[in-house]
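Please look over the model below before reading my notes.

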Amino acid sequence: MTAQSSGPQLAKSLRPRHITMISLGGVIGAGLFIGSSGAILTAGPSVLISYLLSGLMVFLVNIMLRDIALHAPGHGSFVSQIRHALGPLPGFVAGWVYWMVWVTTLGVEVIASASLIAPYVPVPYAVIEIVILAVMTAINLMSVRNYGECEYWFALIKVAAICLFVVIGCVLLGGHSVPVADNFLGHGGFMPMGDFAFLAAVPTVLFSMTGSEIATIAALESDNPDRNIARITRTVALRLLVFYLTSITLILCLLPWSDTVRGISPFLMTLERFHVPYASVVMTLVILSATLSTLNSGLYATSRVVYEMARRGDAPRALQVMAPQAHLPRRAVLASAAVALLVSATAVLSPGVVFAFLVATTGAFIMVYNILIVCARLRLYRPGAWKGWLAIVMLVGVLLSMLGAPETRHELAVGAVALCLVTLGGWIKLRSGGVASGARE
């Protein structure tokens, strides 16, 4: 019997509607509403190719997640599947890099949420950050059903906002004399920043799409995990096509790409250009819901992953304690929230060293755990291996494109150093625990 199958088990109280909306919310975040501005400025209209390539990569990785869940059932989340397929050391590395990506993201999202609320609430900025994180932590501490309900409504707001934007965009195109051809091609053509600029935008776009794997973790706390995982991975491509490509295409048709301002939502700029009433207030609320959704889901995912690692001995054993009635790993939730608060504090106390280091590692770490997911699938399930190899080639291509830009080259270097430290820590842990690094579960 594996560690995963003994002792108290997680609740099975998430319903299919929760899983569906969690999967939708996982691919729609502030990276779409705000981060898309940087991608558009990097590639111009050819950013649509960036979104197509990134969407294909996310789709392939989700197919890998489905396959490892269906062909190695009973081994927990994808982190445990990696450990089962590739061995203790890759499992250790996958768990900790995934956890570090998300606690860093949580710290960034706490800062972003507070910055949106601060102009309207006359209290110290730090107090707003603490209150936001405390509320999200309380939601995750009560029950997994509460998490699912909150994420359901957060995701519904984001989906409704995208759908409303698409409707408004189509009305504007049909009812106004919009110079679509000039907006789209009149500012340097389809590839104004160079023939391969769309490759430079791929990392930004790909990182904005991360989070779809949370639905596969959440599905483990539903009545039929295998069926739910298969169902959500079948529709991920359609969701990416509708939400990303449609909305970005409308923006490029309605607004000259060169008018985009980095860090300012192109959705908001488009609506304000056509004097859509209450656009600023509505988009502020939508972006706030997106950041709160990321906080909610990030706390959930980090707590479940570190709980699994604790049960397998890859994290402090104290984090495996389960609240018997709620079936919640409350210590894991509190530990993840505490580290997220520390990350947000480093943005003030050490913005140029600690915080910059943590943020710089996320790009390389996202690549690492995605590559390990694909490798686990290739090890566990051979049929259709070409999809896995295609995903590997595309992910390596993203790494190479990151080497081409000074900023992302620096991030790769920092990430490589951090990855070596995590791997060394895992090797020492496994050696001291008397477990051979090549052992299988």
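**Notes on the model**

1. The protein carries 27 positive and 18 negative side chains, counting Lys and Arg as positive and Asp and Glu as negative, with His and the chain ends left out. The centres of the two sets lie 12 Å apart. Each charge is placed at NZ of Lys, CZ of Arg, CG of Asp or CD of Glu.

2. This is a predicted model; local features need pLDDT of at least 70, side-chain atom pairs count only at pLDDT 80 or more, and totals for chains, interfaces and linings use all residues. Residues are numbered from 1 along each chain as its sequence is written, and side-chain values use heavy atoms, without hydrogens or water.

3. The protein has 19 helices and 0 strands. These are DSSP runs (helices H or I, at least four residues; strands E, at least two), numbered from the N terminus.

4. The C-alpha trace spans about 70 × 50 × 45 Å along its principal axes.

5. Of the 441 residues, 56% are buried (under 20% relative accessible area, 1.4 Å probe, protein chains only).

6. Helix H7 covers residues 125–142. Its buried residues include Ile128, Glu129, Ile132 and Asn140. Among the elements covering the buried residues of H7 are helix H6 (88–117) and helix H15 (279–311).

Definitions and conventions: Buried < 20%, exposed > 50% of the residue type's maximum accessible area, 1.4 Å probe, protein only. Expected span 1.5 Å × (residues − 1). Contact = heavy atoms within 4.5 Å.
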